[in-house]
Amino acid sequence: MGTSTNEFSVVVLASDLGVDARPFLTASDQETQENWHDCPTSDADFSDLETLQFFRLQRGSDKSGNRIFRVVGKYFPAQVISAERLKNYIFHKIINEAPEGPFCIVYFHSTVQKEDNSPGMTILRWIYEELPSDYKDRLQVVYFVHPGLRSRIAIATLGRFFLSGGLYWKIKYVSRLQYLWEDIKKGDIDIPEFVQNHDDVLEHRPLTDYGIEPDPLHLTDPSTAHSFGKYETGWSSREYMS
């Protein structure tokens, strides 16, 4: 066969591997990506995401004076919400609802299923990196409630590579609700009933947190170690609220 004089190359990026495609974009494309948050999102329709209530501003603050955004992982349908829409929604909530001053995030990981509820670490890093610098500075701490052994290991090993350093060092693990009350007053954050029930079970089976006691009821999270990033479009008829 003869050799063509017109040579070209193709770069294939697998989203499941969590590769950051931005270095391969043209200068104009990168400028569009970097300036996306300048586009107004106040008129966007997020009523379906609001109904899920997985990301909400709470009425109170933690004991350091940081206003609280509550994230309930179980309520987030990762398979049917694109990363771009998730990013737009989070920016819409933070920019339009966060009062002036510092804020924190309380993330409930209770009974999260990797396949259904986890957007992936690279998507989380992407969203954090796209935040304007002042919002990054105002985010003081992420309280990671009910992390489980596998998610701790995943973040401790892969988190250093797939999470921004600024975000990685803001994570504070909270294994029980009683330890959350050391930083947040009861009543200043709404606790879903299933989170309280999960906490009660762990109180009676403490070794489950460390992978020592068998977990036949799958009360701890499946491994998030390989959930680097995934999404699909379209809604599903599945029920995500409990």
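Tutor: Start with the largest nonpolar core. This is a predicted model, and that core has 54 residues. Phe54, Ile94, Val106, Phe108 and Leu180 have the most contacts inside it.

Student: What makes a set of residues a nonpolar core?

Tutor: Its members are buried residues of kinds such as Val, Leu, Ile and Phe, joined through side-chain atoms within 4.5 Å. In soluble globular proteins, nonpolar side chains tend to be buried together.

Student: Which residues does Phe54 touch?

Tutor: Leaving out residues up to four places away in sequence, its partners include Leu49, Val72, Phe76 and Tyr89.

Student: Why is Ala83 called buried?

Tutor: Buried means under 20% relative accessible area. Ala83 has 5%, so Ala83 is buried. Ala83 is found in helix 3, residues 83–97.

Student: How do you know that the length of helix 11 agrees with its number of residues?

Tutor: Helix 11 has twelve residues, 193–204. At 1.5 Å a residue, they should span 16 Å. The end C-alpha atoms are 17 Å apart, so the two agree.

Student: Which residues of helix 11 are buried?

Tutor: They are Phe194, Val195, His198, Asp199 and Leu202.

Student: What makes you say that the buried residues of helix 11 line one face?

Tutor: Look down the helix axis. The buried residues fall within an arc of 140°, so they line one face of helix 11. Glu193 and His204, on the other side, are exposed.

Student: What do the buried residues of helix 11 pack against?

Tutor: They pack against strand 2, strand 3 and helix 10.

Key. Residues numbered from 1 in each chain as written. Predicted model: local features only at pLDDT ≥ 70, side-chain atom pairs only at ≥ 80, totals over all residues. Heavy atoms only, no water. Helix = DSSP H or I, 4+ residues; strand = E, 2+ residues; numbered from the N terminus. Buried < 20%, exposed > 50% of the residue type's maximum accessible area, 1.4 Å probe, protein only. Contact = heavy atoms within 4.5 Å. Expected span 1.5 Å × (residues − 1). Arc of directions from axis to C-beta.
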